[in-house]
Amino acid sequence: MFNKVRSALYNVVGGVEALPAVAEGEDQSRLRVPKFPYARPHFLLFQQDEVQVSADHQIRPIIVPRDITKVPWQSGYAETVNAGKSEWNEDQACVQQRLLVRESEKHIPGAGMPYTYFALFDGHAGYGAAVAAANQLHNVVHKKLMEVIDHILPPLELGNTGAHGHIESSTPRGMAMWYPEKPLPADVFISGALELAFNEMDALIGEDKRKYIMKGGCTAVVSLFIAGKVFVANAGDSRAVRCSLSKPYPMSNDFTPSTERRRLQQLAAHKPELLSNNFTHLEYNPRPGRALMGRKILYRDVFMTGWAYKICSPEDLRTPVVTGEGKRSRLLATIGVTRGLGDHELRSIIHNTPIKPFLSSQAEVKLYNIEAHNIHDTDVLVMGTDGLWDVTNNEKTAEIVQNSLTNFPFGDQENSKYRFTSAAQDLVMHSRGKPEGHNWQTSDGAPGTIDDISVFVIPLAAYKREWEAWKQQNEKLRQSKASDQISSKSAQTAQSSTNRYPASANLSNMDGWFPSLDGKTPTTHQNGGTPANVPVEVGVPHLNVSDLPLAEISLEAEEVMAPEDTPSRNVETIDSEEGLTPTIGSSIPENGDKDNTDPSSTNYCER
């Protein structure tokens with residue numbers, strides 16, 4: 001009874017997937033629950049009853065956000081459920097706007113670089129992996145970006161470059177960053193962060209499958225708007241296409257058994273143990289049957305681009321790793337995608353062979369430099385799950401978007417805010433079609449898709465304006481911080497210089513005194529002035545001996561030794577009517593008495 005009550009309560013407050021039934025007396029520790037309850041994208045603001053309505057397979061309503069401000073830049077989003085292929089819409093979507101900022105700069109207003117994250121996940125064999133990725137992948141991406149923040153965002157503090165052993169507080173485990181000899185652009189670090197995030201998310205799903213109810217796998221396509229560019233990371237057959245003036249520019253490739261046939265065959269050839277003697281890495285044309293045993297058949301191996309003949313043997317009757325062509329191609333006769341997240345427990349439907357070793361979580365990353373190009377107001381990035389692309393190709397997508405945006409002039413501020421939502425809705429409508437009996441047909445009479453459809457239409461011009469505004473603000477902030485640091489250092493230098501002079505020194509009149517030999521008290525020159533060529537440094541406990549031309553200093557005897565009869569090296573003369581006149585700083589005394597051997601002379605010096 002307790003289990004029934006708990007299961008019913010979970011259905012009401014936790015999601016649509018009930019707890020597994022557990023018999024009375026059974027080990028309760030074996031009970032597992034979903035890590036995340038089923039829901040529609042957070043920006044739709046759905047209540048539980050609305051989730052139920054959105055899954056109507058007969059009507060297949062097209063869902064759009066009721067509050068378009070929940071999606072950045074008034075981007076468009078639309079979705080519809082499948083025609084009965086699965087109980088729930090297994091597509092998931094996520095939007096996040098976050099700030100890339102150092103721990104040491106969080107207290108500074110305006111510090112950090114903002115970025116925007118859009119993602120679509122197409123689940124299969126269950127929605128568990130798609131829901132998990134929608135709830136967690138953006139956090140993994142942020143963590144990976146923070147690990148390379150020194151390469152993406154220069155610090156505000158002068159000298160705090162992160163290099164030369166500097167350790168950022170955001171660096172994991174306090175490890176110093178490694179800087180290559182050859183500078184690398186920030187783009188490669190952002191791409192690397194996305195690639196690592198996909199791989200880590202796949203591993204996390206694998207771990208969670210042992211703890212929670214998390215069925216199936218999913219494809220993933222992510223668009224990251226950061227540093228004036230858009231980075232598109234894709235694993236699977238979802239797609240991103242940039243549309244400009246009715247022309248499409250693909251930003252991703254589809255990864256299916258047909259497009260990755262060579263990789264899969266090479267893996268099977270190098271690791272035949274993965275095939276369990278049930279499949280073959282060879283390709284045939286056509287696939288042989290028992291009637292061809294002992295006869296010539298066409299085949300090719302993984303190292304061949306052409307075809308050859310061989311005699312059909314029992315091994316040739318095994319199922320090829322890749323069967324079919326195009327959208328109908330299958331890996332191990334089971335799944336139609338070759339990259340994605342999850343599917344750790346997936347096995348072939350005909351031989352029970354594990355499929356995960358052939359599936360890859362590796363993301364292909366492409367970028368487009370928005371800052372460096374002229375962007376029109378109608379330029380958009382369209383992201384869609386395969387339900388869209390099964391019916392609507394790239395060219396038709398660009399045409400539909402352009403026509404839809406034309407109906408909403410950009411000067412009409414009141415209505416134009418819905419233009420991208422309308423474009424997304426038109427794309428879903430075109431691929432879904434309308435019900436005709438038990439089928440769905442497009443407007444031109446072609447079969448409509450029976451799959452789930454999810455679409456983003458993201459304006460590029462809005463992001464470019466936002467990026468340029470941030471750059472100006474960030475430049476002002478950096479100039480302000482640099483000015484504050486220079487002023488602070490100048491004040492510290494002045495304070496340090498003041499502390500070096502004795503309190504009794506008259507700093508306004510330095511003539512007439514210089515440090516004594518012991519550096520303790522100032523001593524006036526016997527002629528009443530300081531020689532111009534003698535450096536004066538107050539408070540320094542020693543003199544620069546090389547700058548005293550007329551005497552040699554003997555610290556032990558504490559006496560001044562007169563020089564030999566050699567010409568003074570610091571005497572500089574100018575012509576005058578009276579003859580040679582010494583300039584300031586010369587070694588000839590002002591009274592003209594050159595005899596320093598006469599005891600009565602003021603220049604007398606005892607040898």
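A residue is counted as buried when its relative accessible area is under 20%, and in this predicted model Gly384 falls into that class because its relative accessibility is 0%. Gly384 belongs to strand S17, which spans residues 380-384. Leaving aside residues up to four places away in sequence, Gly384 is in contact with Leu120, Ser238, Arg239, Trp389, Ser454 and Val455. The C-alpha atoms of Gly384 and Val241 lie 8.7 Å apart in space, although 143 residues separate Gly384 from Val241 in sequence.

Two cysteines were examined in the same terms. Cys243 has a relative accessible area of 3% and is therefore buried, and Cys312, with a relative accessible area of 5%, is likewise buried. The structure as a whole contains zero disulfides.

The second largest pocket has a volume of about 750 Å³, and among the 25 residues that line this pocket, those closest to its centre are Lys85, Arg330, Gly336, Asp386 and Asp451. By residue class, the lining of the second largest pocket consists of 11 charged, nine polar and five nonpolar residues. Strand S3, formed by residues 113-124, makes the greatest contribution to this lining, supplying three residues.

Note on methods. Residues are numbered from 1 along each chain as its sequence is written. This is a predicted model: local features need pLDDT of at least 70, side-chain atom pairs count only at pLDDT 80 or more; totals for chains, interfaces and linings use all residues. Side-chain values use heavy atoms; hydrogens and water are left out. A disulfide is a pair of cysteine sulfur atoms within 2.5 Å. Buried means under 20% relative accessible area, exposed over 50%, partly exposed in between (1.4 Å probe, protein chains only). On a 1 Å grid over the protein atoms alone, a cavity is a set of points where a 1.4 Å probe fits but cannot get out, and a pocket is an open set with protein on both sides within 12 Å along at least five of seven lines; lining residues have an atom within 4 Å of a point. Grid points are joined across faces, edges and corners, and a volume is the space filled by probe spheres set on the points. Helices (H or I, at least four residues) and strands (E, at least two) are DSSP runs, numbered from the N terminus. Ala, Val, Leu, Ile, Met, Phe, Trp, Tyr, Cys and Pro count as nonpolar, Asp, Glu, Lys and Arg as charged, and the others, Gly among them, as polar. Contact means heavy atoms within 4.5 Å.
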